[in-house]
Amino acid sequence: MYVIRRLAILSREVLLSLENICKTYDMGEVKVEALKDTSLDIYRGELIVILGPSGSGKTTLLNIVGGMDRPTAGKVFYQGKNITEFRDRELTLYRRREVGFIFQLYNLMSSLTARENVELAAELVKKPLPADQMLASVGLEDRMDHFPSQLSGGEQQRVAIARAVAKNPGLLLGDEPTGALDYETGIQILALLREINTSYGTTIIIITHNIAIAEMADRVVRLRSGEIVEDRENSKPLPAERIVW
Ligand SMILES: Nc1ncnc2c1ncn2[C@@H]1O[C@H](COP(=O)(O)OP(=O)(O)OP(=O)(O)O)[C@@H](O)[C@H]1O
Ligand SMILES: [Mg+2]
C-alpha cells in the first residue's frame, strides 16, 4: 500500500486545486482579508501539514477546501469539477460524500454511543466502511457501546477519526486534531492518520500550530496573513512515532 500511495503522489494526479482564492469577511467598517489570492494544488494520496500563526487563514482555507464555506473570489476544483459553482445542495453532497472532518474538540454526538456516532456518518454515503471494523482499527473494540462522556479525550478523538474514515472519504481534513491531547496520545493519533493514509490512499490535510508535526508530512504549506509563504515537499517524512516536541 505504501508503494501505491507513493506512486499516486509521484504520478502527480491533482485531486484538488485552489485557484486564486480570496476570502474577505465584511465586518462593516473593517474588512478582514482572511485569504489573499491563494493558489494550491493537492495531489491524491498526499499527507499535507498546514502551518501558520493564529489568524493566518488556516481554518478559512480548510473550510473552503471542505465545502463548509465559499470563497469571495477564485475557484476550487475537486477531481476537475468546479465546486465553487455548486449550488448549496451539490455542495452538501460533496461534503457528505467526499470529505471527512476531524476537529480539535472531537464534536461527537453526546447522546449517541461510539458505534452510533460512526454509523450515523456512515449512513451519509453509498459505500461506507463497517463501523465496528473502523472502531476496532482505532483500537476501540472494547469501547463501542460507550457514550462520549465515558471516553477519554484521546478515545473520543479516535471515535471522531473512525467516524470520518467510515465514510471512506476522498479527503480527510483535520483542524488541530491533536490540539487538545497530551503528547503521547497526540503521537498515537498522528500515527493513526498516517496509517489511514497508507492503507486507504486517503488524501489528508492537517492544520497545526506545532512545527514538529510538519516532519511527518509529505508536503508542508505555511500560511502568513492569508498568503502561502512556503510550499515544500518533504522527501523523507518521519514516522509519527519519531516526532519529538
Ligand atoms: N466568520 C468570520 N467573520 C469574520 N472574520 C473571520 C471569520 N472567520 C475568521 N475570521 C478572521 O479571518 C482571519 C483568519 O481566520 P482563521 O480562523 O482562518 O485563522 P487560523 O489560521 O485558523 O487561526 P487559529 O490558529 O487561531 O485557529 C482572522 O483574522 C479571523 O479573525
Ligand atoms: Mg483555526
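Q156 is buried, with a relative accessible area of 17%; buried means under 20% relative accessible area, exposed over 50%, and partly exposed in between (1.4 Å probe, protein chains only). This residue lies in helix α6. Leaving aside neighbours within four places in sequence, Q156 is in contact (heavy atoms within 4.5 Å) with Y106, L108, P148 and L151.

This is a predicted model, in which local features need pLDDT of at least 70 and side-chain atom pairs count only at pLDDT 80 or more, while totals for chains, interfaces and linings use all residues. Residues are numbered from 1 along each chain as its sequence is written, chains are lettered from A and ligands numbered from 1 in the order in which they are written, and side-chain values use heavy atoms, with hydrogens and water left out.

**Overall form**

The protein has 7 helices and 10 strands. Helices (H or I, at least four residues) and strands (E, at least two) are DSSP runs, numbered from the N terminus. For 245 residues, a compact globule would have a radius of gyration near 18 Å, and the 17 Å of the protein agrees with this; the radius is taken over C-alpha atoms, and the globule rule is 2.2 Å times the number of residues to the power 0.38. Along the principal axes, the C-alpha atoms fill a box of roughly 50 × 40 × 35 Å. Of the 245 residues, 51% count as buried. The protein exposes about 11800 Å², of which carbon and sulfur atoms supply 49%; accessible areas come from the Shrake-Rupley method with a 1.4 Å probe, and for residues only the protein chains shown count as cover. Among contacts with a separation of 6 or more, 72% are between residues 24 or more positions apart.

**The sheet of 6 strands**

An open sheet of 6 strands has the order β6-β7-β8-β3-β9-β10, with mixed pairing; two strands pair if DSSP finds at least two bridges between them. β6 (99-102) and β10 (227-233) stand at the edges with a single partner strand each, so one side of each is left without a neighbour in the sheet. Neighbouring strands of this sheet are turned by 15° against each other on average, direction ignored. Axes are lines fitted to C-alpha atoms, for helices over the stretch in contact, and angles run from 0 to 180 degrees between N-to-C directions.

Within the sheet, β6 and β7 run parallel and are joined by 4 bridges, with V99 opposite L171 in β7. Strands β3 and β8 also pair in the parallel sense, over 4 bridges, and the bridge partner of L47 in β8 is I204. Both faces of β6 are covered: V99 and F101 on one side, and G100 and I102 on the other, are all buried. Helix α3 lies across β6 and β7, as does helix α6.

**The sheet of 4 strands**

A further open sheet, of 4 strands, has the order β2-β1-β4-β5 with antiparallel pairing. Its edges are β2 (30-43) and β5 (81-82), each with a single partner strand, so one side of each is left without a neighbour in the sheet. Strand β1 (residues 14-27) is joined to β2 by 10 bridges, and D26 has K31 as its bridge partner in β2. Helix α2 packs on this sheet, touching β1, β2 and β4.

| Helix | Residues | Strands touched or crossed | Angle and reference strand |
|---|---|---|---|
| α2 | 58-65 | β1, β2 and β4 | about 125° with β1 |

**Nonpolar cores**

In soluble globular proteins, nonpolar side chains tend to be buried together. A nonpolar core is here a set of buried Ala, Val, Leu, Ile, Met, Phe, Trp, Tyr and Cys residues joined through side-chain atoms within 4.5 Å. The largest has 43 residues, of which V49, L135, V159, I161, L172 and L193 touch the most other members. At least two residues of this core come from each of β3, α4, α5, α6, α7 and β8. Apart from neighbours within four places in sequence, L193 is in contact with I102, I161, L172, P177, I204 and I206. A second, separate core of 27 residues includes L62, V65, V76 and F86.

**A loop residue**

S225 is placed in the loop between β9 and β10 and is partly exposed, with a relative accessible area of 43%. Its C-alpha atom is separated by 8.6 Å from that of G52, 173 residues apart along the chain. Not counting residues up to four places away in sequence, S225 touches K36 and S56.
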